[in-house]
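My entries follow in the order in which I made them.

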Amino acid sequence: MTAITHRYEFVYLFDVTNGNPNGDPDAGNLPRLDPETNCGLVTDVSLKRKIRNYVTLDKDSAPGFAIYMQEKAVLNNQHKRAYEALEIKPEDKKLPKDEAKARAITAWMCANFFDVRTFGAVMTTGINAGQVRGPVQLAFATSIEPVLPLEIAITRMAVTTEKEAEAQSGDNRTMGRKHILPYGLYRAHGFVSAKLAERTGFSDDDLQLLWNALINMFEHDRSAARGEMAARKLIVFEHESAMGNAPAHVLFDAVKIQRTEGTQDRPARSFADYRVNVDAKAMPKGVSVRELL
Amino acid sequence: MSYGIRLHVWGDRACFTRPEMKVERVSYDVITPSAARGILEAIHWKPAIRWIVDRIHVLKPIRFESIRRNEVGSKLSPGNVSKAMKAGTTAGLVAYVDNDRQQRAATILRDVAYVIEAHFEFTDAVGPDESVGKHLDIFNRRARKGQYFHAPCLGVREFPAHFSLIEDGQPLPEAHPERDADKDLGWMLHDIDFTQDMTPRFFRAQLKGGVIEVPPWQSTEVSA
């Protein structure tokens, strides 16, 4: 597998309708908010989790595309058995002092695990050889405009324990809470370094898989909490050289998102209320822009 | 102060974690010399040179925000990898996130902007054909064009750093009117001494007129 030879940046737009894109554990699972602006937030790790899950589904643990950081939901029983059989505490907390061996371990992990190759992984304490810095870096996604979280009360026609049933003399109801956003359009920025890709062997095929994951990951992440989430735009900037040809912030600034005419005086409720402009003329020399979605 | 560079860096969020508060991360008030060096190295570095941060200008008011995320508590174990390599299969070599879930809060900085003033010195690894001008040119050329080796970040990789070069003779960017100009920031990490088995070394950071003077690495003001 040859590594990619271009630097990339990307702007990724996704939206949520009547759902919670990313709950805040500090606020009773309310959608995350930026307290200063009331804009919604989705953390980088939340998006990475979805990318990992998509790759698991798409590649089904094909050689070279295993995912190291697994969620229980995609548990494969054979793996589980092997995992338990192999659960032995290594005595040495550090990578072997022998650098060649350390390199071999790192290389093997990169070759076999998509997420290690893409996002990197920490394999040890202290010695740098055991830390893989992945080429792909995602920043927090923020919503374009302030969002309004709603708290919806729901009822369940059943109770969990006998005791509750007795207390309600057979009425058997429980109340629950659900937090949703009526609508939110989120924007995330990402970076792909060709130079770090050289070290982990992140290839063009991997990059294609990453784009596919971004485009399709919400299709396989449906749940009661999420509501309707959809990837709306994926705008990729490709630099001619590995080091890049323009500052990242200049490229990101070329993507402008505005409200469509006549909708400015009401809250946005669908993607049609926004207009995305990519100023292709503002592209510096040596940078090409593509809309993959 | 010959061969110096000045780099303007800014971003929405930053987390320069205090070493004494690493579990529930709390950021220092400002960028550490160590993190500033990391940004410079992301743009240009070779084993022949060592970046030395001289001065840090703080252009924006110091503001914090808290965020809590799910994290994984364990690291990848090389021992298990060796076993899997011998067995020739990845079966069983995965970490189940749910078994090892930790929720950690981070107190991070919001909306930061700095100017890093730095220069570089040669290390023992310098070859015969190295020249100061060469590395200086490479750095300036890359910073001017926005090129980098990997995307520089503000403390942690999820907070990318935007940067632009301040050319010789160009004035510094406007500072925010409400920025903290004078403040004793207490003891702050200077950098980590990799020659002495990763010993952190600290210095007393004083913000004076919006500028932190970073004492030289070998001076008596820097202690482990």
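Which residue stands opposite Ala95(B) in β4(B)? I looked it up and found Met69(A). Two bridges join β4(B) to strand β5 (residues 69–70) of chain A, and the strands run parallel. Strands pair here if DSSP finds at least two bridges between them. Helices (H or I, at least four residues) and strands (E, at least two) are DSSP runs, numbered from the N terminus.

Notes on the model. I am working with a predicted model, in which local features need pLDDT of at least 70 and side-chain atom pairs count only at pLDDT 80 or more, while totals for chains, interfaces and linings use all residues. Residues are numbered from 1 along each chain as its sequence is written, chains are lettered from A and ligands numbered from 1 in the order in which they are written, and side-chain values use heavy atoms, with hydrogens and water left out.

Interface. I took contact as heavy atoms within 4.5 Å. On that rule 50 residues of chain B touch 65 residues of chain A. The two chains bury about 5,300 Å² between them, and 62% of it is on carbon and sulfur atoms. Buried area is the accessible area (1.4 Å probe) that two parts lose on being put together, summed over both. Leu76(B), Tyr96(B) and Arg157(B) supply 15% of the area that chain B buries against chain A, more than any other three residues.

Polar pairs and elements. I noted 15 residue pairs in polar contact across the interface, both residues at pLDDT 80 or more. A polar contact is a pair of N or O atoms within 3.5 Å; within protein, one must be able to donate a hydrogen and the other to accept it, and residues adjacent in sequence count only if both atoms are side-chain atoms. The elements of chain B that give two or more residues to this side include β1 (4–14), β5 (101–122) and α3 (132–145). α2(B) gives the most, with eight residues.

Salt bridges between chains. The rule asks for a side-chain nitrogen of Lys or Arg within 4 Å of a carboxyl oxygen of Asp or Glu. I have 38 salt bridges over all chains, and six across the interface of chain B and chain A. In one of them, Asp44(A) meets Arg69(B) at 3.3 Å, N to O. This pair runs from helix α1 (residues 44–59) of chain A to strand β3 of chain B. Are the two residues buried or exposed? Asp44(A) is buried at 2% relative accessibility, and Arg69(B) is buried at 6%. The classes are buried under 20% relative accessible area, exposed over 50%, and partly exposed in between (1.4 Å probe, protein chains only).

Salt bridges within chain B. Lys183(B) and Asp29(B) meet at 3.4 Å, N to O. They are 154 residues apart, with Lys183(B) in strand β7 (residues 183–193) and Asp29(B) in the loop between β1 and α1 (33–43). Lys183(B) is partly exposed at 31%, whereas Asp29(B) is buried at 16%. Arg55(B) and Glu213(B) meet at 2.7 Å, N to O. Arg55(B) lies in strand β2 (residues 49–58) and Glu213(B) in strand β9 (residues 211–213), so the pair ties together parts 158 residues apart in sequence. Glu213(B) is partly exposed at 48%.

Last entry. I found one network of salt bridges that share partners, with Asp34(A), Glu36(A), Arg13(B) and Lys60(B) among its members. Within it, Arg13(B) bridges to Asp34(A), the closest N and O atoms being 3.6 Å apart.
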